[in-house]
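Please walk me through this model feature by feature, giving the general idea before each case.

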Amino acid sequence: MSHVPFRFAFVSNSLPVAQTVRDYAATRHLPMEIRLAGMEEALPVARALLAEGTDVILGGGGTGKLLRRHLRRPVVTIARSHLDILEALLKAREHADYIACTCYGALPPWPALFSELLRVRLLPVPFTTTQELVSGISRAVDQGVGCVVGGGICAEIAQAQGCRGVVVTPGEEALERALDEALNIARSQQQDREQTAWLRGVLESLHEGIVGVDTDGRTATSNRAAEVLLEDLLDSAGADGPGLPESLGLAKALKTGRGEEGIIRRINGRELVINTRPILVDGKPRGALAAFAPAARLRDLSRKLKNSGRRGFIARHNLDSLLGASPAMRELRLQAARFADADAALHIHGESGTGKELLAHALHQAGPRRNGPFVALNCGALPDSLLESELFGYDEGAFTGARRGGKEGLFEMAQDGSIFLDEIADISPAVQIRLLRVLETGEIFRLGGDRPIAVNARVISSSWKDLVEEVRSGRFRADLYYRLSLLRLQTPPLRERPEDIPLLARHILARLNMAHKELSPHVLGLLKDYAWPGNVRELDALLRRYCLLSDGGQCDRALLEKLLDDLRATQGLLAPAERPADKAPTLPDGRAQGRGNLRERLETLEREIIRAELEKCAHNRGRAAKNLGISANTLWRKMKAGPR
Ligand SMILES: Nc1ncnc2c1ncn2[C@@H]1O[C@H](COP(=O)(O)OP(=O)(O)OP(=O)(O)O)[C@@H](O)[C@H]1O
């Protein structure tokens, strides 16, 4: 027996009819619950059945019609066919030729026809309540009918009044039709339930809040996200909050029959972006839906999307990229981790190549803006006009050749992220003023634009020049300095932490796919002895050169010595004022100034240094060369060159 997953119930006031229905249902293996109830009790009985999980209610002619009128769920009536009525009339004719026939509701057309056909007198007894049925039958009996034909309990009522009664039981055809209909209804209800479950699943899996209202503005549906976003405006049962359809734009969608996209409203203290659409069934409005999300989340998504298409706007390094086990580097990492969270303007001071930019990336990555863009600009590399248009952007027509539609500046691009301004000490007084204004107001004006644009970017700046010194000498505005350096970090020069050199050297070789290249303790010693005015960048460059020129995996000590000598020879090319790393012996000003071009002056200076060192070492060339970190050969060569 195949299992039918539905529950049916037949509500009737007649036991024989109920038995007929149950017997027939059994032949089709359909479970059928039977409830005997008079017309007055039929409705509460049916409601209780539905509440208990009955899928479809069936009722006899009168009861069925009554239930159909009052229940919101479909009800199947087992309507007796004309054949069933004819059969009952034939049975009644055996006993009487004046017969009453009961009819629920309006008078049907068949009594006249059947009366003529069967050559009997028929008296129709219309009723809608048991009371009417009883009094109708009683009147018919008084009028002399010899038999009462009808459904349900009419036979019992007739018998109670001393008259014969014949019940019209539904025949097979009527039963078959009714049970087919009940099955169809149950199946389509199940499909509806499945569809609803899918829809609910879709609704609940959305991050957007969804609220649907009917044409009266009453909430018809909502999801969990809506409850979270609207809080007490929409309680968990989905009841309406005050004016919710208005604030969500639903009232307008209902009124105009048109939806809208991107409505921005502040509801419950939260800025929401709302899309609405009317719900039309057969072209007629049946309600409206609103889908909404917090504006902040949409901005976040759009920023991520923007960033994914913009290479170079992502911080590539984190605090672990900042190598070094020296106490100075450990302390720097610790402080950086703390400052990253502080989310205030931060200035990094340090010599060239000490990792200021790397640190800026790491600060962004470790801070609350890590999901926002990281935009970097070397301020020293650009002329004023270009620097301003890069930083602040420009409006269309700001200057000849300005791009159509204008251009977003880096401050705008860094929205909700960080902007790294390298070589900040080099910006002109004009740019300093503009930058100060941005930091003070949190707004920028594009070049040629008159509309302030709010910007929210953490400013990280850096400089190898000492900004305090720059302020003192009047080259840098003090007010801007204070704005930029609420927090300060200093990257230590490599010569102050020679213990980091082996680690850095191995890391650089590994990055060059040269991890197999050995560095003997002697070579590492040479590296540690060198002053590294160009810091880690210089170490990086030297090792690159070393890898290019040396062959095999062995440590080529001679080559490294030569490369270091070459470095020393070119060291002087950096003017001392621009090379804070170079804390080499200073000489009386007059001699340092010298004469000739820069190279000649530097050579003079170099010879002075060597001479001073030789004097210090009692003209022991080996010791002097060692102290200066060059080979004895180089020292000899440099002395031989003599003054030109
Ligand atoms: N502590 C460190 N660990 C690993 N790599 C480092 C470290 N410091 C610097 N570097 C590397 O050295 C190079 C120079 O670093 P960076 O550009 O950050 O220095 P900088 O101080 O900003 O230099 P400049 O002032 O000249 O712009 C980069 O390749 C960087 O990865």
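**Reading the model step by step**

Q: In which helix is threonine 570 found?
A: Threonine 570 is found in helix α23, which covers residues 557-571; helices here are DSSP runs of H or I with at least four residues, strands are runs of E with at least two, and both are numbered from the N terminus. This is a predicted model, in which local features need pLDDT of at least 70 and side-chain atom pairs count only at pLDDT 80 or more, while totals for chains, interfaces and linings use all residues. Residues are numbered from 1 along each chain as its sequence is written.

Q: Is threonine 570 buried or exposed?
A: A residue is buried if 20 or more other C-beta atoms, placed from the backbone, lie within 10 Å of its own, exposed if 12 or fewer do, and partly exposed in between. Threonine 570 counts as exposed because it has 10 C-beta neighbours inside 10 Å. The C-alpha atom of threonine 570 is separated by 9.6 Å from that of leucine 602, 32 residues apart along the chain.

Q: How many helices and strands are there in the chain?
A: The chain has 27 helices and 22 strands, and of its 644 residues 35% count as buried. Two residues are in contact if their C-beta atoms, placed from the backbone, lie within 7 Å; among contacts in the chain between residues at least 6 apart in sequence, 63% join residues at least 24 apart.

Q: Where is the place of threonine 54, and which residues is it in contact with, leaving aside its neighbours within four places in sequence?
A: Threonine 54 lies in the loop between α2 and β3, and it counts as buried because 20 C-beta neighbours are inside 10 Å. Leaving aside neighbours within four places in sequence, threonine 54 is in contact with Arg7, Phe8, Ala9, Glu33 and Leu49. Between the C-alpha atoms of threonine 54 and phenylalanine 8, which are 46 residues apart along the chain, the separation is 5.8 Å.

Q: Which residues of helix α3 are buried?
A: In α3, which spans residues 61-70, the buried residues are Gly61, Gly62, Thr63, Gly64, Leu66 and Leu67. These buried residues pack against β1 (8-12), α2 (39-51), β3 (56-60), β4 (75-78) and β5 (98-104).

Q: How is a pair of packed helices described?
A: Two packed helices are described by the angle between their axes and the distance between the axes. Axes are lines fitted to C-alpha atoms, for helices over the stretch in contact, and angles run from 0 to 180 degrees between N-to-C directions. Angles under 35 degrees count as roughly parallel, over 145 as roughly antiparallel, 65 to 115 as roughly perpendicular and the rest as oblique.

Q: At roughly what angle do the axes of α13 and α14 cross?
A: The axes of α13 (residues 327-342) and α14 (residues 356-366) cross at roughly 55° and come within 8 Å, and the two helices are therefore oblique to each other. The contact is made by Ala336, Ala337, Phe339 and Ala340 of α13 together with Leu359, Ala362, Leu363 and Ala366 of α14.

Q: What is the class of the residues in the contact of α13 with α14?
A: Ala, Val, Leu, Ile, Met, Phe, Trp, Tyr, Cys and Pro count as nonpolar, Asp, Glu, Lys and Arg as charged, and the others, Gly among them, as polar. The contact of α13 with α14 has eight nonpolar, no polar and no charged residues.

Q: At about what angle do α15 and α17 pack?
A: Helix α15 (residues 384-392) and helix α17 (residues 429-441) pack at about 15° with their axes 10 Å apart, and they are therefore roughly parallel to each other. Asp384, Leu387, Glu388 and Phe392 in α15 meet Ala430, Val431 and Arg434 in α17, a contact with four nonpolar, no polar and three charged residues.

Q: Which residues come nearest to the ligand?
A: A residue is near a molecule if its C-beta atom, placed from the backbone, lies within 6 Å of it. Of the 17 residues around the ligand, Leu323, Gly355, Lys356, Glu357 and Val536 come nearest, and the elements that give two or more residues to this shell are α14 and α22 (535-549). The shell divides into five nonpolar, seven polar and five charged residues.
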